[in-house]
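Work through the exercises below with the coordinates open. Each task is followed by a solution in steps.

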Amino acid sequence: MDVTLITGASSGLGAIFARKLAAKKNNLVLVARRKDRLDKLAAELTKAYGVSVFVEVADLSAPTAVYKLMKRLATKKLEITCLINNAGFGGLGAFATQDMARQTEMINLNCTALMQLCHAVLPSMKLRKSGSILNVSSTAAFQAGPNMAVYYASKAFVLSFSEALHEEVKPDGIKVSCLCPGPTKTEFFDAASASSVKLKFFAGAAEKVVDDGLAALARNQAFIVSGIMNKIFVQAGRLSPRFLSRAITKRMNIS
Ligand SMILES: NC(=O)c1ccc[n+]([C@@H]2O[C@H](COP(=O)([O-])OP(=O)(O)OC[C@H]3O[C@@H](n4cnc5c(N)ncnc54)[C@H](OP(=O)(O)O)[C@@H]3O)[C@@H](O)[C@H]2O)c1
């Protein structure tokens, strides 16, 4: 069966991707750690849209998680024709004071698992001469982020990697887009222990971000910054001297 795999589908952007894609009659594989939430969403989508929805519980920051997930999907004879690489988290605070295990998990999830999933799905997409991959980065990808140093660096990796992949697989008929949201109303700020972070004040609607991402993927746009204010913010950052951009970002990333 052809399926769309969505990571981080238990909340926020991932759950909205699931609702939108189920409404377009995609069969889905939902991946995250919170099984209760995934089960509830799967039941809702099956009932509402009559699609098949498979729940896969996985901690994608674990070193062999992607390998094990792909093995389970192969056993079920599920073919991933669309991959939404959405799972990710951030953490607020000066790098030296952060828990090293948590920072490593962040790299494992935001970068390594995302890259491994792309590598796992590409061979069959190449054979079929079709397929789509949407990698979720952030406006954080465009500058350094003092007080969220590892998170910003991880999202720069996602953007750079996705743009390169976009060019590499274009001749194979495979679409690769990178979605760069700005601050968005999801559970992200709770997970980042950033309940009072200034950026939360500017948080926009999650639905619009998902619509922008899916539209960019449909037209195979290499990357999209979602929202007019975020586009202005990114361009202003690109035109500013880097010391200024760093200083402003540091002030923004204070809880
Ligand atoms: N919200 C924002 O302001 C914002 C801005 C720019 C970019 N983004 C990016 O958007 C993406 C989605 O985040 P969101 O805003 O929707 O936040 P969210 O509501 O916190 O969702 C994060 C999702 O990732 C999953 N996840 C976290 N750790 C995981 C792990 N170890 N293994 C598997 N799944 C894991 C979570 O599920 P479980 O906890 O159930 O595992 C959850 O479904 C992320 O990549 C984030 O960096 C968000």
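**Exercise 1.** Find the angle at which helix H3 and helix H4 pack, and the residues that make the contact.

Solution. Helices (H or I, at least four residues) and strands (E, at least two) are taken as DSSP runs, numbered from the N terminus. Residues are numbered from 1 along each chain as its sequence is written. The model is predicted: local features need pLDDT of at least 70, side-chain atom pairs count only at pLDDT 80 or more, and totals for chains, interfaces and linings use all residues.

Step 1. H3 (residues 65-75) and H4 (residues 100-128) then pack at about 35°, and their axes are 9 Å apart.

Step 2. List the contact, where two residues qualify if their C-beta atoms, placed from the backbone, lie within 7 Å. H3 supplies Ala65, Val66 and Met70, while H4 supplies Ala113, Gln116, Leu117 and Ala120.

Step 3. Sort these residues, counting Ala, Val, Leu, Ile, Met, Phe, Trp, Tyr, Cys and Pro as nonpolar, Asp, Glu, Lys and Arg as charged, and the others, Gly among them, as polar. The contact of H3 with H4 has six nonpolar residues, one polar and no charged.

**Exercise 2.** Give the strand order of the open sheet and say which strands stand at the edges.

Solution. Step 1. Two strands pair if DSSP finds at least two bridges between them. The seven strands follow the order E3-E2-E1-E4-E5-E6-E7, with parallel pairing.

Step 1. E3 (53-57) and E7 (223-225) each have a single partner strand, so one side of each lacks a neighbour in the sheet. From one strand to the next, the twist averages 20°.

Step 2. Thr4 stands opposite Leu28 in E2.

**Exercise 3.** Describe the shell around the ligand.

Solution. Step 1. Take a residue as near if its C-beta atom, placed from the backbone, lies within 6 Å of the molecule. The ligand is surrounded by 31 residues, the closest being Gly8, Gly12, Arg33, Gly88 and Phe188.

Step 1. Helix H1 (12-23) and helix H6 (188-191) are the elements that give two or more residues to this shell. H1 gives the most, with three.

Step 2. By class, the shell holds 14 nonpolar, 13 polar and four charged residues.

Terms used
Axes fitted to C-alpha atoms, helices over the stretch in contact; angles between N-to-C directions.
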